[in-house]
Amino acid sequence: MRLASRPVGLPTDENWTLTEEPVGEPGDGEILVRISHISLDPAMRGWMNEGRSYIAPVAIGDVMRAGTVGEVVASHHDAFPVGSHVVGALGVQEYAISDGQGLTRVDPSLAALPTYLGVLGMTGMTAYFGLFTEGRPQEGDTVVVSGAAGAVGSVVGQIAKLKGCRTVGIAGGEDKCRLLIEEFGYDAAIDYKAADVPKALRELAPKIDVYFDNVGGEILDAALARLNLGARVVICGAISQYNATEAVAGPANYLSLLVNRASMKGMVVFDYADRYAEAAKEMAGWLAEGTLVAREDVVDGGVPAFPDALLRLFRGENTGKLVLAV
């Protein structure tokens, strides 16, 4: 799937071109990977835009950037023999040739392949480093998470509980809020579609020590109004703003940072690449113990289904990590 044009607002079918091309043969030092699953992430919307960001935009005509997992089906690379499985950013396509840069071997006998795009992949790394390195929670802290039923949010809540925090999740819809409590172990849940969020936060989290933000907009403002002294606000994403056709709405309550001597910092998971192994080891241990739940929302249909599957993120239709099965 190639990017045909840059979207204004939500991506449409006109922004994509589906092409069929010969698979090709890997050269010396290269491998051919048959992709089995593609990661669908809100950040993809930002990668489609022209302009300065933490990563270069996808060029018009290029294969859409995406995290993937798949099997090596031809190899001229000693580190990646035929039959091994790898995870890495190989894009929205069925096959990819790679020199191995940026790829990591994974073991499908230890976890399902989609899990390597979720809890044991960039999703898990984002939650781990965003919470522990930037949020710095202490036992007994109140941690509030927006987008709490999504890929990152569902993990943040669980690992905050593992560290002895009280957790409050914000999600859309009764079913998602029930899942926050029953499956992800949140202490309380707020349905932003039905509740008065500022009032609910006043009741359930009057003093927020860590706010992990995945949505931005009005919910970020509501959380800023409830910060505790020395609170930490982690800006992981702003899905409510990604398809805006007007200027991005900034926080009106930013002076709460001054009053409460709080901090607000953005985080990008790629900055922690040299520490992925330490996080993956701890996350894998929690998974093995059964104290961490990995939930993947797998969509069938292969590469042709990508444009609509991506929109599920912005319609709030996914629970847990959204993955496209190829």
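Tutor: The axes of helix α2 (residues 122-135) and helix α8 (residues 276-289) come within 10 Å and cross at roughly 100°. Here axes are lines fitted to C-alpha atoms, for helices over the stretch in contact, and angles run from 0 to 180 degrees between N-to-C directions. The two helices α2 and α8 are therefore roughly perpendicular to each other, a term for angles of 65 to 115 degrees. On the α2 side, the contact (heavy atoms within 4.5 Å) is made by Met122, Gly124, Met125, Tyr128, Phe129 and Phe132. On the α8 side, the contact is made by Tyr276, Glu278, Ala279, Ala280, Glu282, Met283 and Trp286. Helices are DSSP runs (H or I, at least four residues), as are strands (E, at least two), numbered from the N terminus.

This is a predicted model, in which local features need pLDDT of at least 70 and side-chain atom pairs count only at pLDDT 80 or more, while totals for chains, interfaces and linings use all residues. Residues are numbered from 1 along each chain as its sequence is written, and side-chain values use heavy atoms, with hydrogens and water left out.

Helix α2 is mostly covered, since 12 of its 14 residues are buried. Buried means under 20% relative accessible area, exposed over 50%, and partly exposed in between (1.4 Å probe, protein chains only). Among the buried residues of α2 are Gly124, Met125, Tyr128, Phe129 and Phe132. Just after α2, arginine 136 takes a positive phi of about 45°.

Side chains of opposite charge can pair when their charged atoms come close. Glutamate 282, one of the α8 residues in the contact, forms such a bridge with lysine 163, the closest N and O atoms being 3.7 Å apart. This pair links distant parts of the chain: glutamate 282 lies in helix α8, whereas lysine 163 lies in the loop between α3 (151-162) and β9 (166-171), 119 residues away. Glutamate 282 is partly exposed because its relative accessible area is 27%. Lysine 163 is likewise partly exposed, at 36% relative accessibility. By the rule given above, the count comes to 16 salt bridges.

Definitions and conventions
Angles under 35 degrees count as roughly parallel, over 145 as roughly antiparallel, 65 to 115 as roughly perpendicular and the rest as oblique. A salt bridge is a side-chain nitrogen of Lys or Arg within 4 Å of a carboxyl oxygen of Asp or Glu.
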